Amino acid sequence: MKWQNIFILISFCSLVVFSQKDSIILKLPKHYFQTIILLDYYQKPQVSLNQPDYISQKIKSYQIQQSTFAFSIPVFTKDIKKKDSSIATSNFLITGYFLRYRPNFEGLKNEHILMKNGIGIRWIYNNGKKSIFFVDFSPFSTLDKGYQDTRVIRMASLLLWSYSISEKLNFRLGLTKSFMWGNRYYLPFVGIRIGKMNKINFSFQFPRIIALNFPITNYLQISLYTKPQGGLFSMSNKDTLYPKFFEKNQVIYLGRYEFLSGLRIDVKPFKWLGIYLSAGQSINNYLALYSLQFNKKRTFSYGHFFQSMPGRTPFINLGIVGYFGKTKSYYYRKNIDEQIQLHHQMGVGDENLQIFQSTDNYQKQKKFKVSNQEVSDLINTFDY
């Protein structure tokens, strides 16, 4: 009877295991990229516009307060094994951002809160060797909050080829349509990185950023950098900043850019959380206003009816980054690190927001190494 009970118990357990086998689904990571959510805040103090013209006297002073919510979500990833055993990857992502910008003109009665919202698509193809092809299309809308007739739809884009001669040397070449310089420009993209990503490296990426990076650990990096920041926004002309042909110019465009030069510290206290803080000087500041009617048929850059070069000021910029989801393992596939770093350095859409994240290869510990003599001694020990 005892053996019968044991047999029945074993049979029952086996039945339970096999009956639940189909319901147990092992979910493996699908992508090399994590879902990322970013909250960014930027501010600099008010600066006076000491020009004698009509608009400067009316505006009086100018300040920037800007907050951005951005995200990137991997949607599709496919590995393609080639005849030479190399593995290419095709990655498709969705990006988006919601930006709120307050110029805080002291002399204007009406408050202007300029909104910029965009949803884009991004394709990154890694040929499994030394080349990466990067394509980004980022349609967005600009709006002066409270004035629905100011909404304007635009498109920013970037086409880029990245080539890694070695881990210590990477080149990039491409074309971009960008509004980051306070106007509508078609610009070449030229980049070079000297040094490994997880070691001290110098990165020159025109027109995005120039940086000298000091990775201290997998979770801490210090950078000295210079980069442009700005945009082209639609704005209500209710304050009659452009009085000519007022009926046809109830909407005007505001363009701005500046160069930020400073120190940035990135800390990643948890795998799912990153924090950065940067401060320095805002130099080469530029502010311009464009009439809608005059620029309606212009194909390339806009012509301004007002421009100013406000003085340099200090700035502060801080952000919080959330990382969600697990990634596919790619240990020793170095070009995967390059595509992840490329994605993070290009920011989201036309917003020049960089993200720091140590990649899979950097987090691996060095394997235990033994000498030939130690292996020989080990064999001799068991040699009977």
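Reader: Of the contacts in the chain between residues at least 6 apart in sequence, what percentage joins residues at least 24 apart?
Author: First, this is a predicted model: local features need pLDDT of at least 70, side-chain atom pairs count only at pLDDT 80 or more, and totals for chains, interfaces and linings use all residues. Residues are numbered from 1 along each chain as its sequence is written, and side-chain values use heavy atoms, leaving out hydrogens and water. A contact means heavy atoms within 4.5 Å. Count the pairs at least 6 apart, then pick out those at least 24 apart, and you get 64%.

Reader: OK, so how many strands does the chain have?
Author: Helices (H or I, at least four residues) and strands (E, at least two) are DSSP runs, numbered from the N terminus. Here there are four helices, and the strands come to 15.

Reader: Which strand does S7 join through ten bridges?
Author: Two strands pair if DSSP finds at least two bridges between them. S7 covers residues 169-178, and its ten-bridge partner runs antiparallel to it. Gly-174 faces Phe-189 across that pairing, and the partner, residues 185-194, is S8.

Reader: Which residue in the hairpin of S7 and S8 has a positive phi?
Author: Six residues sit between these two strands. Look there for a phi near 75°, and you'll land on Gly-182.

Reader: What is the volume of the largest cavity?
Author: A cavity is a set of points on a 1 Å grid over the protein atoms alone where a 1.4 Å probe fits but cannot get out, and lining residues have an atom within 4 Å of a point. Points are joined across faces, edges and corners, and volume is the space filled by probe spheres set on them. The structure holds four cavities of 30 Å³ or more. The largest, whose lining includes Asp-40, Met-180 and Leu-353, has a volume of about 70 Å³.

Reader: Which strand gives the most to the lining of the second largest cavity?
Author: That cavity has a volume of about 60 Å³, and Arg-264, Tyr-276 and Phe-356 are among its lining residues. Strands S12 (251-270), S13 (273-291) and S15 (313-324) each supply at least two. With four residues, the top contributor is S12.

Key:
On a 1 Å grid over the protein atoms alone, a cavity is a set of points where a 1.4 Å probe fits but cannot get out, and a pocket is an open set with protein on both sides within 12 Å along at least five of seven lines; lining residues have an atom within 4 Å of a point.
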